[in-house]
Amino acid sequence: MKIADIEKFEEKLREAEKNFGIMTGSGVPVVYERSQESVWLLLLSLVAACLMTMLLFRNVQIKTPPTMDFFSQMGRAKFTIVDSLTGSGKGVQFRDVAGLKEAKIEIMEFVDYLKRPERYKTLGAKVPKGVLLLGPPGCGKTMLAKAVATEAKVPFLAMAGSEFIEMIGGLGAARVRDLFKEGRKRAPCIIYIDEIDAIGRKRSGTSAGEGVTGEGEQTLNQLLVELDGMATKEGVIMLASTNRADVLDKALLRPGRFDRHILIDLPTLQERKEIFEEHLKSISLELTPDKYSDRLATLTPGFSGADIANVCNEAALYAARNQKKQVSGSDLEYAVERVVGGTEKRSKVITPSEKRVIAFHECGHALIGWLMKYTDALMKVSIVPRTTNVLGFAQYLPSDQKLYSSEELFERMCMALGGRVAETVVFNHVSTGAQDDLKKVTKMAYAQIKQYGMDEVVGPLSFPTDEETNSNFIGRKPYSKRLARTIDEQARFLIARAHKRAENVLVENRDKLNLLAEELLKREVLNYDDIVKLIGPPAHGKKVLIEAVDFGPVDEPTRQSKSSSEEASS
């Protein structure tokens, strides 16, 4: 039997024997045996409890506090990775980038460093640390970077400069560290930062308002260390692009960080032709793209690659709006005119007296440009209002000329003043339509005196522009008040001389001015051939023109440089 308390049991047993008369020593023998079941039961219970505890903690994950998890995620670099080795092979390639011949040669050498580095290391050459793409907006910097991502056959990590900076201090530097850490894991690889001026601006200088904030400085300093610091390792090459190279820090531009600076400028005539042919391939045309590219390239000096793409797209939209099956030459020239001056707005109400003033104003520009030697070829003069508040304009065919003499600039000033002078000669008063012309003339006059050293009184001196003066010489100009007064006087004298020259030309040819204006009032648009029939060929020989041999008459919309009568509100 199982006994709970031994002492009490034995006392009760002996007491019971005494009651029955049993003598001590001859009573019932009692033998105690200790059972091991309770010990084993206790051990099994402990083991079961331990197993249950282990299983419970195995399924439960210990979560970090929400605040710590937020900051760890904020410090990660949000880059886009393009791995051409594992990709489908689709993407922008070098052959898809039209124009940019010299830039593509340099960037292809850069890609060759990654593909065959041993060729250069055997000669003792070091692989460049970085390449910086510079140039105006819309010229193909990002497209060239996309071609590098496709052609390099190495991992390509892309990130925008604006994605580094946050309101919380230190995150920009943390993201730079994380980006280069990921790059070194994938070495050899390329790290591309678009619009690097967002984090690469000049650090604080002595002038008030100059430089970047403390957070920006930390980010820039971390970038400088990652590019060329104590712990820098090979295998990571930097590629960046910007259209604001003038604001970048000097330490960022030095060799060892960005060894190559590749300028991607506005396309030349031949490059514009190649870009037009590339974009016209995707459009359904009446003729082959090479039949249109020559004329369109000549009509669009100063256009970037993005402008040319916009022209081709506008032509396709215009043809579709008119329910055409294919895009014609007239659609393309309409698109050029739309990009330059906006669409026609024939619903705009203009009184007959205003329309007459506009006609003489535009014919004043056209006639002076027609009769002078160094002016551009007049292609078209119109008094049809535009959606950009332009009431009329004269279109010229500008060249890709880079250098101008003082006489050439003077004649251009005369042509710009031609509209205002025509109003004075014919109506004996002036209107607000010459506001834009006066701005151009004033800018040209001050540029000749202050920057080009073309004035005899001021002499061969050159001073910074007004924007540079405001940023570098706050509150004062980099020359004396006496010289400033002399510059103002010479500018007024130069503009007055151009005004007098334009007035003499129009007074001497008053009959031609009247003839052109009256015809323009009737037809609203005159082209080169119309003007030749009315007043004869240009006085100094035929202007340099392009032949419309493949498509479209010359009287279709043409390009770019325009002298406009604008409303006072514009």
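Here is a tour of a few stops in this model, which is predicted.

**Stop one: a ring pair.** Select Phe360 and Phe427. Their rings form an aromatic pair, one of six counted in the model. The arrangement is edge-to-face, with 5.5 Å from centre to centre and 90 degrees between the planes. Now colour the helices: Phe360 belongs to helix H14 (residues 352-371) and Phe427 to helix H16 (residues 418-427). Phe360 has a relative accessible area of 1%, so it counts as buried. Phe427 comes in at 23%, which makes it partly exposed.

**Stop two: the next residue along.** Click Asn428, in the loop between H16 and H17. Its phi is near 60 degrees, a positive value in a residue that isn't glycine. Asn428 is exposed, at 66% relative accessible area.

**Stop three: helix H17.** Select residues 435-450 and check the length yourself. Which residues of H17 are buried? Look for Asp437, Val441, Ala445, Ala447, Gln448, Ile449 and Lys450.

**Stop four: another positive phi.** Jump to Lys153, in the loop between helix H6 (141-151) and strand E3 (155-160). Phi of Lys153 is also positive, near 60 degrees. At 42% relative accessibility, Lys153 is partly exposed.

**Last stop: a charge over a ring.** Show Arg497 and Phe410 together. The charged end of Arg497 sits over the ring of Phe410, 4.6 Å from the ring's centre.

Technical notes
Residues are numbered from 1 along each chain as its sequence is written. This is a predicted model: local features need pLDDT of at least 70, side-chain atom pairs count only at pLDDT 80 or more; totals for chains, interfaces and linings use all residues. Side-chain values use heavy atoms; hydrogens and water are left out. Buried means under 20% relative accessible area, exposed over 50%, partly exposed in between (1.4 Å probe, protein chains only). Helices (H or I, at least four residues) and strands (E, at least two) are DSSP runs, numbered from the N terminus. Rings of Phe, Tyr and Trp (its six-membered ring) pair if their centres lie within 6.5 Å; planes under 30 degrees apart count as stacked, over 60 as edge-to-face and the rest as tilted. A charge sits over a ring if NZ of Lys or CZ of Arg is within 6 Å of the ring centre and within 35 degrees of the ring normal.
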